[in-house]
Amino acid sequence: MKTFNIIIAGVGGQGLITLNNIIAKAALNGGYDVKTSELHGLSQRAGSVETHLRFGKKVYSPLVVAGKADLVLGLEITEGMRAVRFSNPKTIFVVNDNYISFLENISKKEIEKKIKSSVGKNLRLVLASEICEKELGEEVVSSVYLLGYCVFKKLIPLKPDSVLKAIKEIISKKYLELNKKAFNLANSHD
Amino acid sequence: MKKEILLGNEAIVQGALEAGVSFVSGYPGCPSAEIGQGFLDVAKEKGIYAEWSVNEKVALETAIGASFSGLKSLVNMKSFGINVCSDSLFPLAYTGTKAGMVIVVADDPSCWSSAQSEQDSRGYAYLSRIPMVEPADPQEAYEFTKLAYEISEKFNTPVILRITTRVAHQRMPVQFEGVKIENEFLKKGEFVKDYKRFSTMPPRVLEMKKELLEKIEKIKQFAEKSKLNKIVGCRTYHNLGIISSGVAYLHVKEALEEMNLDLPVFKLGLFYPLPEKKINGFLKPLKKVLVAEEVDPYIEKEVMATVQKSNLKLEIFGRELVSEIGELNQEKIKFALSKILRIKYKKPIIINSDLPRRHPQLCSGCPYWPAFSAIKKFSPEGTIFGGDIGCNMLSGVSPHNIQDYLFSMGSSVSIGHGIIKSTSQKVVAIMGDGTFFHAGIPALINSVYNKSNILLFILDNRITAMTGHQENPGMGKNGMKEDSPMLKIEEIVAACGVKNIKVISPDNLKELDETIKDFLNKEETSVIISRKICALLEKRQLKQQNENI
């Protein structure tokens, strides 16, 4: 298999690194070599954050370069849009339909229009936050829901079992059931 | 053998524990903070001593004491930390170590989490004459840490382990021994007096220099055979070779694979001292060489010197194709290789999002919010605002925009003092509590002593927050979470000779208004301590309390 390149884009504090770790572990569980790269510190303080994740037979560089992502996981719509520089005409965008406003006020409508016109048919705008809030009472697991969406729709070459095993290995006991539910919930929605 | 996905920083902790480290000191910074924290988290369980020191100079000196007492030590810091500790780093090269010592320095190419400068700390290896190893990924970070201790013990020298953000914060499956580690610190060291060895008093100091130069010659011989330096790939009709080090090597391997090229690559794991003969042997059959290194062209200059000295006919490519600004990636290497091999380079089509930046900002509920607005609102027109390192750096971005200069830890006061002495303008310096303990105190004493009327705002949020919430001397807790004396900033400030001191909550706007106006009209140095706990810390404490009920 050709190395699979993922960009997870979001806002500092959204739990990008946990999601990154789950996918990395799932890739290892699936028998792949894997490398990731993340940023801490200043760049995490409610600013734009992206983590790079690559898995395949043998991975050298931990970075996904511009134009080379196979999948963009956007935990927030503006940041999903910002990640278009990593995309090519084949890149799939799975983006949480959730908007975290920032100082340079742009409306969600504008961002939606922008991302739809830039990504086109490869965009999957998923109501992850809304569904998790409604069905589980917890918005925080929307990123795991989004991952479930990718796995069950086969947008990421990982098996549900590898991912569930990774969730068990990474998430603390207290939040495990909630995360498993969020993951499986994505299987019951279209 | 175990195999787990580890962060580069975690791999260093694992390697050092397996090497038998029992004494760890450091100062938190990004991207190195998880190293010190990693040791602190397991210190009690593994029987080692670990601390957050007050700054990097103190951290290094603390470890020197441990090494002289026979304990294996590790010092951890970010790039600029090595500037702070360099004063003792140089004499340490002269005295050498007794028990093994590894100094981890984490640079941040592209300045993802660093103001100040895009520092390439490799230069310190030359300045101090301390061997430096450079891993490319977490697996190497683990292995090189162990090898660094071997070199340190073999030659009685400290060894610098230099990493960068993309190594420190890279994750991959790492194979490690994972043997049960019993490091049993419990004050088992002993300082055996040896004046000739530990004191750099002249004229002995020049003898020490001679000994150091001889030692470096020996390490050079060692470097020629060390497995830290390796040659991979095979020679092709291109007669082109690549020399690389650190994470740049991974980008080189990736680029070669994508371009379907098999070229010889010399990977330097030991940056200083360089294996000159081995490099020479590598270069000899080549017609062209690309030096692929991140940030500053140190290796390139060495290669140029070797080529000249040995009269080799060789074209050297480096800086003109690989920028010295910002981190590298596989695409930049592909570009350089395409130019050298005269292959058409297909630039990927990049769609620009055309979005305004989402700047990092203060957390919601952060006590710095009201403090910044009060400073901005109540200082008279034309006041100069000095910035400092930490969360308060964010005073420089929207919506605050109150930062007229920003340098290094503690510099807001001293630069302000210089401005006051040179002009008739008013200066407010803004600094956090962690930075005050780190480097603010001497600067404050200086402004009192030399009669400056600067107003220093110490934003005391009761923790070193920016780097991920580490303990500091104001908290009454040390890094190992033990109770320790709580140093009161107002008492230190008073002891520095400051007469105008007020501790005010940032929510008390009326008092802030009056005090700022009052203090800015004083003839002497003034300090306002704006005290309110970090919002994240408060949230966490409340959560813990609720869980305990």
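I note before anything else that domain bounds here come from an automatic or database domain assignment. On that basis I find chain B divided into domain 1 (2–225), domain 2 (230–341) and domain 3 (368–543).

I keep in mind that this is a predicted model, in which local features need pLDDT of at least 70 and side-chain atom pairs count only at pLDDT 80 or more, while totals for chains, interfaces and linings use all residues. Residues are numbered from 1 along each chain as its sequence is written, and chains are lettered from A and ligands numbered from 1 in the order in which they are written.

**Domains of chain B.** I looked up the centres of domain 1 and domain 3 of chain B, taken over C-alpha atoms, and they are separated by 32 Å. The contact (C-beta atoms, placed from the backbone, within 7 Å) takes 15 residues from domain 1 of chain B and 17 residues from domain 3 of chain B. On the domain 1 side, α2 (33–46) and β3 (49–52) of chain B each supply at least two residues, and α2(B) has the largest share, four residues. Helices (H or I, at least four residues) and strands (E, at least two) are DSSP runs, numbered from the N terminus.

**Chain A against chain B.** I find 37 residues of chain A in contact with 36 residues of chain B. The elements of chain A that give two or more residues to this side are α1, β2 (33–37) and α2 (77–82), and β2(A) gives the most, with four residues. I also see β2(A) joined by two bridges to strand β8 (residues 170–176) of chain B, the two running antiparallel; strands pair if DSSP finds at least two bridges between them. Within β8(B), Arg171(B) is the bridge partner of Thr36(A).

**Core.** I looked up the largest nonpolar core, which has 214 residues, with Val104(B) and Phe457(B) making the most contacts inside it. Such a core is a set of buried Ala, Val, Leu, Ile, Met, Phe, Trp, Tyr and Cys residues joined through C-beta atoms within 7 Å, where buried means that 20 or more other C-beta atoms lie within 10 Å of the residue's own. Leaving out residues up to four places away in sequence, Phe457(B) touches, among others, Ile375(B), Val428(B), Ile528(B) and Ser530(B).

**Record.** UniProt, in an unreviewed entry, places the feature "domain: Thiamine pyrophosphate enzyme TPP-binding" at residues 389–528 of chain B; I note that such annotations may be inferred rather than shown by experiment. The end C-alpha atoms of residues 389–528 of chain B lie 18 Å apart, and the span is 34% helix and 14% strand.

Notes:
Buried ≥ 20, exposed ≤ 12 C-beta atoms within 10 Å, placed from the backbone. Contact = placed C-beta atoms within 7 Å.
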